[in-house]
Amino acid sequence: MSRVSLRPAVLEAVERLRVAGVHSPHTDAEFLAAHVLGVERPRLALVPMLTVEQLAEFRKLVDRRAERVPLQHLTGVAAMGEIDLAVGSGVFVPRPETELLFAWALAHLEAAGHEHPPIVVDLCTGSGALALAIAHARPDAEVYAVEIDPAAREWARRNADRQAAQGDTPIHLHAGDVTDRNVLSPLNGRVDVLVANPPYIPEDAVLDPEVADHDPHRALFGGPDGLSVITPMITTITRLLRPGAVAAVEHDDTNGPQVATLFANTSRFTAIIEHPDLAGKPRFVAARRTAN
Ligand SMILES: C[S@@+](CC[C@H](N)C(=O)[O-])C[C@H]1O[C@@H](n2cnc3c(N)ncnc32)[C@H](O)[C@@H]1O
């Protein structure tokens with residue numbers, strides 16, 4: 001079997017992706033090479049050669065990435081917490097910034113020290129990313145996830161089945177609209193921790209082709225101001241949380257104060273805190289349900 005050197009192939013790919021306007025050409029070229037070679041990216045240096053067949057496969061993937069197909073659609077996976085999720089056409093690719101919401105949820109689950117199995121809700125679950133990462137980290141939790149889009153739900157089902165087969169506590173996946181006044185009504189006043197990464201981009205935003213052409217429209221846009229799902233969803237959150245329970249909602253970086261105000265306007269929340277992401281941009285608002 002004839003073999004060629006990996007290094008020049010990666011350098012050629014980096015240049016190809018850079019010219020195509022890909023934001024992280026080096027990282028993406030390495031991830032694609034690692035995918036083709038079947039190794040983790042940090043172990044790439046241990047595999048200095050590839051077969052001509054692997055080189056052809058690598059170049060094909062680089063061509064598609066240069067067409068601005070998302071990296072995760074090419075490798076078929078995205079990460080959240082300690083788990084990998086299958087992703088592809090029809091579902092939103094989980095983003096690194098949503099790890100902050102995951103970490104926030106875990107911190108609250110730990111701090112609360114619940115006497116009963118904690119009830120956790122993930123509204124707008126997409127691939128199931130937050131719900132499944134929480135269920136993996138907290139096998140004692142009863143986790144519920146809601147998703148409106150049948151195509152996204154199929155991905156979530158597939159991911160949920162795989163995690164359960166690997167020993168995680170199964171989650172409850174619901175078809176539903178988070179703005180519906182009856183969604184998850186059996187959980188009214190019983191939820192301990194709630195997370196939501198809803199569609200929140202204002203309609204007129206200019207997006208990279210990876211996002212605009214590949215994430216589902218319904219996963220991205222929240223009306224003219226980015227708040228068309230969040231505003232009615234706050235009513236759902238207020239209804240579901242038990243007194244003293246907490247919720248966090250991810251939002252567009254233009255909408256931190258607006259989301260905080262939506263919580264405040266209910267007069268049912270205290271400790272309303274705006275959280276920035278790692279780049280210092282407003283990213284999610286957390287709040288605690290009062291007793292009345
Ligand atoms: C930004 S994506 C987030 C997906 C996932 N939570 C994540 O972080 O990767 C938003 C998701 O909400 C779903 N969605 C949009 N409107 C909804 C609604 N009214 N009720 C339930 N789900 C909704 C979309 O289909 C999409 O899967």
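Predicted model: local features only at pLDDT ≥ 70, side-chain atom pairs only at ≥ 80, totals over all residues.
Trainee: Where in the structure is Asn 159 found, and is Asn 159 buried or exposed?

Mentor: Asn 159 is found in helix α7, which covers residues 150-165. A residue counts as buried when its relative accessible area is under 20%. The relative accessible area of Asn 159 is 1%, and therefore Asn 159 is buried.

Trainee: Which residue has its backbone nitrogen 2.7 Å from a polar atom of the side chain of Asn 159?

Mentor: If neighbours within four places in sequence are left aside, Asn 159 is in contact with Leu 85, Ala 86, Ser 127 and Leu 132. The backbone nitrogen that lies 2.7 Å from a polar atom of the Asn 159 side chain belongs to one of these residues, Ala 86.

Trainee: Which residues does UniProt list for "binding site"?

Mentor: The listing comes from an unreviewed UniProt entry, and such annotations may be inferred rather than shown by experiment. Under "binding site", that entry names Asn 197, Pro 198, Pro 199 and Tyr 200.

Trainee: With which side chain does the side chain of Asn 197 make a polar contact?

Mentor: Asn 197 lies in the loop between β8 (191-196) and α8 (209-212), and at 16% relative accessibility Asn 197 counts as buried. Beyond its neighbours within four places in sequence, Asn 197 is in contact with several residues, including Phe 92, Thr 98, Leu 123 and Glu 250. The polar contact of its side chain, at 3.3 Å, is with the side chain of Thr 98.

Trainee: How are helices α1 and α3 oriented to each other, roughly parallel or roughly antiparallel?

Mentor: Two packed helices are described by the angle between their axes and the distance between the axes. Helix α1 (residues 6-19) and helix α3 (residues 52-66) pack with their axes 10 Å apart and at an angle of about 15°. The contact involves residues including Ala 9, Ala 13 and Leu 17 of α1, and Leu 55, Phe 58 and Val 62 of α3. Angles under 35 degrees count as roughly parallel, and therefore α1 and α3 are roughly parallel.

Trainee: What is the handedness of the crossing in which α1 passes α3?

Mentor: This question concerns the pair whose axes are 10 Å apart, α1 and α3. The crossing in which α1 passes α3 is right-handed.

Conventions. Residues numbered from 1 in each chain as written. Heavy atoms only, no water. Helix = DSSP H or I, 4+ residues; strand = E, 2+ residues; numbered from the N terminus. Buried < 20%, exposed > 50% of the residue type's maximum accessible area, 1.4 Å probe, protein only. Polar contact = N/O pair within 3.5 Å; in protein donor to acceptor, adjacent residues only side chain to side chain. Contact = heavy atoms within 4.5 Å. Axes fitted to C-alpha atoms, helices over the stretch in contact; angles between N-to-C directions. Parallel < 35°, antiparallel > 145°, perpendicular 65-115°, else oblique. Left-handed = near helix turned anticlockwise from the far one by under 90°.
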